[in-house]
Amino acid sequence: MPKTNLPLDLSSLLGRDKELSKFRATLGEHRLVTLTGTGGAGKTRLAKEVARSVLENFKRGVWFIDLAGVSHPAGVAGAVSRLLNVLEETQVPLAETLARHLVNQEILLVLDNCEQVLDGCADFVEVLLTSAPKTKILATSREPLHVSGEYVCQVSPLSIEDGITLFHERARQVSSSLSLDRTMEGTIEEIVKRLDGIPLAIELASARLSIMNPSQILSGLDERFALLTGGPRDAMTHHKSMRASIAWSYDLMEPDEQRLAEQLCVLQGFTLAAARSIGTDKSLSGGTILDLLQRLVNMSMLQIDRSGEEPRYRFLESIRHFLLQKLEDASALDAAHARHLCHFVDFAESHAPRLVSGKGPELLSQIQAEFDNLESALTYADSLADPGNLLRLLTALSAFYELRGQFRHGIRWFDRAIAKDPAPDVLLARALWGASHVCAYGGRMDLAFPKVQRALELAQELGDKWTEARALEIIGFAQSVSQPVLARESLLKCIAIGQQIGDDWAESHGKKMMTAAFMFSHDRDGAKPAISDLVTCSEYFESRYLLAWAKALTGYFARDSGDFDEAEQALQLSIENSDFVGDPGTGGFAMAWNSALKADLGQVDVAREELRNLMASATISGTFLAVPEAMFLLGSIEIAAGNPEAALNLIGTQVGDLRNAGIPVWSEQLALVSAAAHVALKQFTEAGEHLDASEKQAASLNNPLINGLSHFIRGRLALARNDIGEAEMHLHEALAIQIAAGLKPGQLRTLESIAEVQFEKEKFDDAARVLAVVDHEHTKMRLVRGAAEMADYKVLVEKLRQATGKNEYENIRASMVNASLDEAIELMSRMRGKRARPLTGWASLTPTERRVVSLATEGLTNPKIAERMFIARGTVKIHLSHIFEKLDVSSRTQLATKAVAEEFDELGH
């Protein structure tokens, strides 16, 4: 069943059968149909009925967009994008982004009340008609859009007969016991004629039957219409009838009803809670708000929509404009806007702390439903000399902008508010944090960092712990991608302050980002308790938002550890929870890792398509934070599949761009994919350059995934150059790092390459043994080789068969049937260096190890050695461990003594 948000109409549509049939047929033939007519003629009601009748024709659904609350031309595309969850791209008109998103979508957009922003509607529709050929638009407007391809359908007033039927139908709704005898038919007919058959005017009049008879209604209309005999001669008769009918109905209202209607007309649709907040005024002398609302509904002054979880009320635009004019004439419009602003500041601030709780999705939906009201409140707050309420409202909406992906919209509002140069007080500090939060989650860390630094400084000067905790969370976020150790320090402070002041939001977000800091350093052991703590936190707050991220990281580490069952289950849970909450950031990472897992399991084409789609739609879906990770995964898949050129084309300039942005985690992952692609293409110089630069850039991360992969690719490069000793050294370095970090799929790939080294060293039996264990682990893990990997594997197997003899090869494999991965690793460690260099003593040291010894004996620390050799600190530590073992020393002092002695011997003394 296609999706739709068409509002439910609780009353029947009368006298429009011919129009419905005609308009439906017209919509079948044309892509833009505009229903025009005077206010109150029933355009909206007809459009909804036409749209509902063609619902099955549109696979992507039928979507109703009320533009009554849009006041700027650019707001038209914004209203549609929010409904379709399409985000704005930098320096790209939103209409073009929407058109690209809808290019192959069979969808009907119903644009209601276009006269509010006629030029904006025309421009928006023109882009969609040009660039999204399967999209159709049904518009309602008091005048045509004047766009090429538009088919205009005039919605005429009801015939006298249908108008009388409508009057009787609404009379029965007023009271089932009310009877209108035949003697009244002439009077009713005259009422319909005087109202020119305008449905809204007829409904307003018939609503008065509870207190008036038809003759009294007619008499009242006579008096009211007499007031409109003047005015411009070209004024439309229908417009006179409409306004006169509204004015007549208004004059018959009790003072309390009039005052409430005027106070509420500043709202773009509202709930009972909003009515009670804004409509509670000393000028209302009696009656509860609910009673007064019911009376306004009964009079047809208010419409009520019960299709959602709670009823929403709204004025038809004709009535609303009439009431707004009343407020302006009485110089009361500003006071009404002030009450409106006060309510929505309280509304947003009460919702903000709970958006990550179990009720988060419900609260987000409530904020979404009030988007037009919140925009109206922001606009009014922006017009005031004191920016305080503007800063408060924006700060409260920052999490909404994150979770609903409204990053650029939020950034623009924050920039506008901060540009007012407000006084350096708590409100500014909090707004600076809010701005940095939206920028950071919107992928603009370059904009976020200066804002959050200023927020932190101001918060500490003012003693504002609330802002200090939140600022530290964003600073930790920024540090996590380049300096994970520093990030953890910032986040520990954030969590501690949050716990100290009872700020659940700061505490939970600090814990969430703490897990990310462990992810960026690929510290599985450190991440485990942090993830467990986050799960506990998510259970305490009943937060599927926090749970989604915890499960995403559980799946991430499980996949790299070779537990594909756990990874699959965790990532699916993350995706489901992200969808439920509406968190595109977490969802993007979970989807990327889940797609990579599919490639691991042999579904390469599916994974490739999913990752490409994720990257293509990243900006408009809000998943762009995961794009560098998706590139790394897809690039690795392409290389394994034998498409190194595709990997290089995919990455393009991203390595340099990410380095310039200060994000070494992702820049160096992509640099290593580029290096691997160049190795596959036998472009050895380029591969070496990428590896050298990557080791230097990644030094501060101490990331075993990156370090292990770097040594693995260096090993593959050395193998391609037939430098067997160098290949063996780097592959064993890679294996040691991967073992320590529990990277099992990586271990299997490295062991397979070590088997190649053993073959080149003519250790055929050992190579066959290792390969047998690797094959067994592949099957157990369900890890499937890529096409290029499989081709290389088959070549190695065939060479081993020939070298050992077919029967002997099978015997060797059979002897390893019960061997474990640990036993294969131990075997390779024992055999390392045979026929190449001794296992112990000075001669067993590799050139790299000798360089480490030289620098160590100069007195350099591990960090200084790492800096001098452009390698990671952790790699230095591993080198020294191997050196101590080979030379049988236990301290740097003993190492220096041994080195001096060896140097003395080499000089011939």
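This briefing describes the overall make-up of one protein chain and then selected local features. The structure is a predicted model. The chain has 909 residues, of which 56% count as buried. Its secondary structure comes to 46 helices and seven strands. Along the principal axes, the C-alpha atoms fill a box of roughly 130 × 65 × 45 Å.

**Salt bridges within a helix**

- A search of the whole structure finds 44 salt bridges, and several of them are described here and under the next heading.
- In general, an α-helix has 3.6 residues a turn, so residues three or four places apart point the same way.
- Lys 193 and Glu 189 are separated by about one helical turn because they stand four residues apart in helix 7 (residues 185-194).
- Lys 193 is partly exposed, because its relative accessibility is 42%.
- Glu 189 is also partly exposed, with a relative accessible area of 30%.
- A second salt bridge joins the side chains of Glu 468 and Lys 465, with 3.5 Å from N to O.
- Glu 468 and Lys 465 are three residues apart in helix 22 (residues 465-480), and therefore about one helical turn separates them.
- Glu 468 is buried, with a relative accessible area of 11%, whereas Lys 465 is partly exposed at 34%.

**Salt bridges between helices, and a network**

- The side chains of Asp 533 and Lys 511 meet in a salt bridge of 3.5 Å, N to O.
- This pair links distant parts of the chain, since Asp 533 belongs to helix 25 (residues 524-541) and Lys 511 to helix 24 (residues 504-520), 22 residues apart.
- Asp 533 is partly exposed, with a relative accessible area of 34%, whereas Lys 511 is buried, with a relative accessible area of 11%.
- Asp 605, Arg 608, Arg 612 and Glu 638 form one network, joined by salt bridges that share partners.

**Negative charge on the surface**

- Four residues, Asp 119, Asp 123, Glu 126 and Glu 143, gather in a patch of negative charge on the surface.
- Glu 143 is located in the loop between strand 4 (135-141) and strand 5 (150-154).
- Glu 143 counts as partly exposed, because its relative accessibility is 40%.

**Cysteines**

- A disulfide is a covalent bond between the sulfur atoms of two cysteines.
- Here, two cysteine sulfur atoms count as a disulfide when they lie within 2.5 Å, and by this rule the count comes to zero disulfides.
- Cys 114 is in no disulfide, and the nearest cysteine sulfur, that of Cys 121, is 3.6 Å away.
- Cys 114 counts as buried, because its relative accessibility is 0%.
- The cysteine sulfur closest to that of Cys 342 belongs to Cys 265 and is 18 Å away, which is too far for a bond.
- Cys 342 is partly exposed, with a relative accessible area of 45%.

**Positive phi angles in loops**

- Ser 331 has a positive phi of about 55°, although Ser 331 is not a glycine.
- The place of Ser 331 is the loop between helix 14 (317-329) and helix 15 (333-351).
- Ser 331 is exposed, with a relative accessible area of 69%.
- Asp 421, which is not a glycine, has a positive phi of about 55°.
- Asp 421 lies in the loop between helix 19 (407-418) and helix 20 (426-441).
- Asp 421 counts as exposed, because its relative accessibility is 60%.

**Helix 43 and its end**

- Helix 43 spans residues 847-857, and its buried residues are Thr 848, Glu 849, Val 852, Val 853, Leu 855 and Ala 856.
- Gly 859, which follows helix 43, has a positive phi near 95°.

**Phe 520**

- Phe 520 is part of helix 24.
- Phe 520 is buried, because its relative accessible area is 5%.
- Between Phe 520 and Thr 395 there are 29 Å in space, C-alpha to C-alpha, and the two are 125 residues apart in sequence.

Notes. Residues numbered from 1 in each chain as written. Predicted model: local features only at pLDDT ≥ 70, side-chain atom pairs only at ≥ 80, totals over all residues. Heavy atoms only, no water. Patch = residues over 30% accessible without salt bridge, like charges linked within 9 Å, V, L, I, M, F, W, Y side chains within 5 Å. Areas by Shrake-Rupley, 256 points an atom, 1.4 Å probe, with all protein chains shown as cover. Lys, Arg positive; Asp, Glu negative; His and termini not counted. Charge placed at Lys NZ, Arg CZ, Asp CG, Glu CD. Helix = DSSP H or I, 4+ residues; strand = E, 2+ residues; numbered from the N terminus. Buried < 20%, exposed > 50% of the residue type's maximum accessible area, 1.4 Å probe, protein only.
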